[in-house]
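Reader: Can you walk me through this interface? Keep it quick.
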2 protein chains.
Amino acid sequence: MERNIYDDETFFSSYSSMTRSRLGLTGAGEWASLEPLIPDVAGLRILDLGCGFGWHAAYFAKHGALDIDAVDISERMLGKARQINNDAKIRYMLCDIEAFSAGDESYDLVFSSLAMHYVRNYRLLVSRIYKWLRKNGTFLFSFEHPAFTAEGSEDWFYDEEGGILHFPLDNYFSEGIRETHFLGSIIPKYHRTLTTYVSALLEAGFTLTGLVEPEVPEHLKTLDEMKNEWRRPMMLIIRAEKR
Amino acid sequence: MERNIYDDETFFSSYSSMTRSRLGLTGAGEWASLEPLIPDVAGLRILDLGCGFGWHAAYFAKHGALDIDAVDISERMLGKARQINNDAKIRYMLCDIEAFSAGDESYDLVFSSLAMHYVRNYRLLVSRIYKWLRKNGTFLFSFEHPAFTAEGSEDWFYDEEGGILHFPLDNYFSEGIRETHFLGSIIPKYHRTLTTYVSALLEAGFTLTGLVEPEVPEHLKTLDEMKNEWRRPMMLIIRAEKR
């Protein structure tokens, strides 16, 4: 990810006002689907790729993780993380996910929340994560759903009165960069097929042990930003293990 | 599948004229993706659920399978299969997929081509298939992609001049019956999320060893019926093993 939109003042301000940024994990629509997939973290060494405000790192610390390396490319994000989710067990690091490296068998859990669609060479990163994990280690990550990233705008298709008709699906097998619209900014992301996301894991040696498209939980369904989420998948969560 | 459209004379005639029906496996867009996922079938006992014209059953017979139980609900389909893909090793059976039953550990490979979206209780069928398989057995199946079945029409969204704008995605998390348009008929199918397709396999005890969204191979790209296939995923192929 070359351009670092999260360090843009206007974008950062908009991002900070989202429900998920203000409330943390309980304000994130996917948390109810993600939490059951997290292994018992007591005593684990954890790597968090794209840690953002540190909500997940703090959760791991609170639930007994041994230590957490939390990596993010944005200084602003890390600044806020150190402020609201500070913990002696968390080491926040300013680093591009694809520039990060670690020794073989350094971690028991590699976690990543909504960052893999910013990664240019996903297949290479997956093979490196496999090496960084110990035997029986887990790679758990959420990312934007291929059906959501394919067309390019990440926006609904509207009728003349501005009502939602449906979500447009297009360009699916054309992998590569997309200039998506989010919070008034243009955010470059990488579209990849589901085939690529899953087969890279299997080819690296991982065993797939979970695949979930999160649905909005009851307590968030009344939020205006959530009311159409049942109409198309927006995220995908995958758990893979090194056996 | 209560209504048996494949026994309708008009529909059957249209279906029979499709490239995949006339040419068999080489005329099917997904075959180039499917064949590499087939295990070495020499000496295997195979069940083919929804065998249609018997192209796959004949392929298995030709490649040394011990015997093949080939099940289909349509008399017309089986009539044609017996005529063009007859083989002493193939036992064609008129039976609804969901009414079929077998003894535990009867098969080494359970195969199904484009039939699982007609199945009402997929989760139950998967748990039964797991029992029918021997240890180290394989369940390999193709089905219509959840992003393709979700909205309901299985048709593109067109502009005023009849040009394709994109494919509509909608109703994704609303699982259940869809009245799809195919070859001038209304075909009832079941939409399920990707989460349901994969998690039912994992919960039954399967190990996922392949997941591919087939792309149209070079030799079929010039066909008019294939030229927009790169724009949205239409099928998904999954291989799961009993370990």
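Author: One term to begin with: two strands pair if DSSP finds at least two bridges between them. Strand 6 of chain B and strand 7 of chain B meet that rule, with two bridges in the antiparallel sense. Note that this is a predicted model.

Reader: Which residue is the bridge partner of B:Tyr158 in strand 7 of chain B?
Author: B:Ile164.

Reader: And what joins strand 7 of chain A to strand 7 of chain B?
Author: Three bridges, with the strands running antiparallel. A:Leu169 stands opposite B:Phe167 there.

Reader: What order do the strands have in the open sheet?
Author: The order is 6(A)-7(A)-7(B)-6(B), four strands with antiparallel pairing. Strand 6 of chain A and strand 6 of chain B, residues 157-158 in each, stand at the edges. Each has a single partner strand, so one side of each is left without a neighbour in the sheet.

Reader: Switching to area. How much is buried between chain A and chain B?
Author: About 2,900 Å², and carbon and sulfur atoms give 65% of that. On the chain A side, A:Leu169, A:Phe173 and A:Glu213 lose the most area to chain B. Together they make up 24% of what that side buries.

Reader: How many residues are in contact?
Author: 33 of chain A with 33 of chain B.

Reader: Symmetry next. What rotation superposes chain A on chain B?
Author: 180°, with 0.0 Å of shift along the axis and an RMSD of 0.0 Å. The two copies are thus related as by a two-fold rotation axis. In chain A, the C-alpha nearest the axis belongs to A:Pro168, 2.6 Å from it.

Reader: Why say the copies meet through the same surface?
Author: Because 100% of the interface residues of chain A are also interface residues in chain B.

Terms used
Residues numbered from 1 in each chain as written. Chains lettered and ligands numbered in written order. Predicted model: local features only at pLDDT ≥ 70, side-chain atom pairs only at ≥ 80, totals over all residues. Heavy atoms only, no water. Contact = heavy atoms within 4.5 Å. Buried area = accessible area lost by both parts, 1.4 Å probe. Least-squares fit on C-alpha atoms with pLDDT ≥ 70 in both.
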